[in-house]
Amino acid sequence: MSDTRYDKGRERLLAKVEEAYEDFKVSKTFRYPTWLYGEPLGTIITVPVEDCPDFGDEAFIEMDSARTAFICVDMQIDFCGENGYVDVMGYDLSNTARALGPIEDALPAVRKTDIKVIHTREGHLPDLSDAPFNKILRSKIIGNGVGIGDKPENGLGRLLVRGEENWDLHERVKPIPGEYVVDKAGKGAFGCSTIHMVLKNLGITHIVICGITTDVCVHTIMREANDYGYWCVLMKDGTGAT
């Protein structure tokens, strides 16, 4: 049995979709939807996005600077520094460390605006009670006996354990006072951290995401955010993977 109260709300939303679609066909722009979020609190900035809607195409997205977050994912020594987790696992460190330069260049520009900067850190409690069996086992196999929770020879501390020197963010992209740091126990963030609460409390609608690694933590968080209705843009040169 249909309830017209809910039908009307759904019809209104779908009508707005059609309106935005017709506009996009002409402007190639995802307009900032004031009907959904209200009037902008900051400055509307228009950002070009590649491969949208098809590969090789270019489109544009409008974002309210005051409702936008710049999220740096897991730029930790463990993932992009010497004697960290990625280094100990035997991967080419330059593949993840390459994200340091572009992010280091972007942060000063972002910090001049009212865009919120959020950093995430992956890591586990010292007793590893929040680390699944299979995750620890696979890390130990890849690391030839040295995995999550272990301190490698000449290492800075126990790998991917909260509070250890190697677990902390890399010196080149560390947060400054006033920026937010969200600790998470997994590759995603929405299921194992407070990030969704932080974003909602800050009134965030749009996200520019960068960090490491592209195919694991970055894409996981981006997909999670998209499922919750956040508009997501990936900073292509500010990512890296093993």
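Two strands count as paired if DSSP finds at least two bridges between them. Helices (H or I, at least four residues) and strands (E, at least two) are DSSP runs, numbered from the N terminus. The model is predicted: local features need pLDDT of at least 70, side-chain atom pairs count only at pLDDT 80 or more, and totals for chains, interfaces and linings use all residues. Residues are numbered from 1 along each chain as its sequence is written, and side-chain values use heavy atoms, with hydrogens and water left out.

**View 1. An open sheet of three strands has mixed pairing.**
The strand order is β1-β3-β2. Two bridges link β1 and β3 in the parallel sense. Phe30 has Ile61 in β3 as its bridge partner.

**View 2. An open sheet of five strands has parallel pairing.**
The order across this sheet is β6-β5-β4-β7-β8. β6 (180-184) and β8 (231-240) each have a single partner strand, so one side of each is left without a neighbour in the sheet. From one strand to the next, the twist averages 20°. Strand β4 (residues 68-73) and strand β5 (residues 116-122) run parallel and are joined by five bridges. Val73 has Thr120 in β5 as its bridge partner. Helix α6 (residues 100-111) packs on the sheet and touches β4, β5, β7 (206-212) and β8. The direction of α6 makes about 135° with that of β8; such angles run from 0 to 180 degrees between N-to-C directions, with axes fitted as lines to C-alpha atoms, for helices over the stretch in contact.

**View 3. Strand β7 is mostly covered.**
Seven of the seven residues of β7 are buried, where buried means under 20% relative accessible area, exposed means over 50%, and partly exposed lies in between (1.4 Å probe, protein chains only). In a regular strand the side chains alternate between the two faces of the sheet. His206, Val208, Cys210 and Ile212 point one way from β7, while Ile207, Ile209 and Gly211 point the other way. β7 is joined to β4 by six bridges, and the two run parallel. Thr68 is opposite His206 in β7. Six bridges also join β7 to β8, again running parallel. Here Ile207 is opposite Cys232 in β8.

**View 4. Helix α8 (residues 195-202) has buried residues and, on the other side, exposed ones.**
Ile195, Val198 and Leu199 are buried in α8. These residues lie on the same side of α8 because they cover an arc of only 95° around the axis, the arc being that of the directions from the helix axis to the C-beta atoms. An α-helix has 3.6 residues a turn, so residues three or four places apart point the same way. Met197 and Asn201, on the other side of α8, are exposed. The buried residues of α8 pack against β4, β5, β6 and β7. Just after α8, Gly203 has a positive phi of about 75°.

**View 5. Leu169 lies in the loop between α7 (133-142) and β6, and Arg121 lies in strand β5.**
With a relative accessible area of 2%, Leu169 is buried. Contact here means heavy atoms within 4.5 Å. Leaving aside neighbours within four places in sequence, Leu169 is in contact with Met75, Gln76, His119, Thr120, Arg121, Lys174 and Pro175. From C-alpha to C-alpha, Leu169 and Lys135 are 22 Å apart in space, and they are 34 residues apart in sequence. Arg121 counts as buried at 14% relative accessibility. Leaving aside neighbours within four places in sequence, the contacts of Arg121 include Asp74, Gln76, Trp167, Asp168 and Leu169. Val181, Val182, Asp183 and Lys184 are also among the contacts of Arg121.

**View 6. The largest pocket holds about 830 Å³ of space.**
A pocket is an open set of points on a 1 Å grid over the protein atoms alone, where a 1.4 Å probe fits, with protein on both sides within 12 Å along at least five of seven lines; lining residues have an atom within 4 Å of a point. Grid points are joined across faces, edges and corners, and the volume is the space filled by probe spheres set on the points. The lining of the largest pocket has 28 residues, of which Val49, Met222, Cys232, Val233 and Leu234 lie nearest its centre. Two or more lining residues come from each of β2 (44-50), β3 (58-64), α6, α9 (214-227) and β8. β8 gives the most to this lining, with seven residues.
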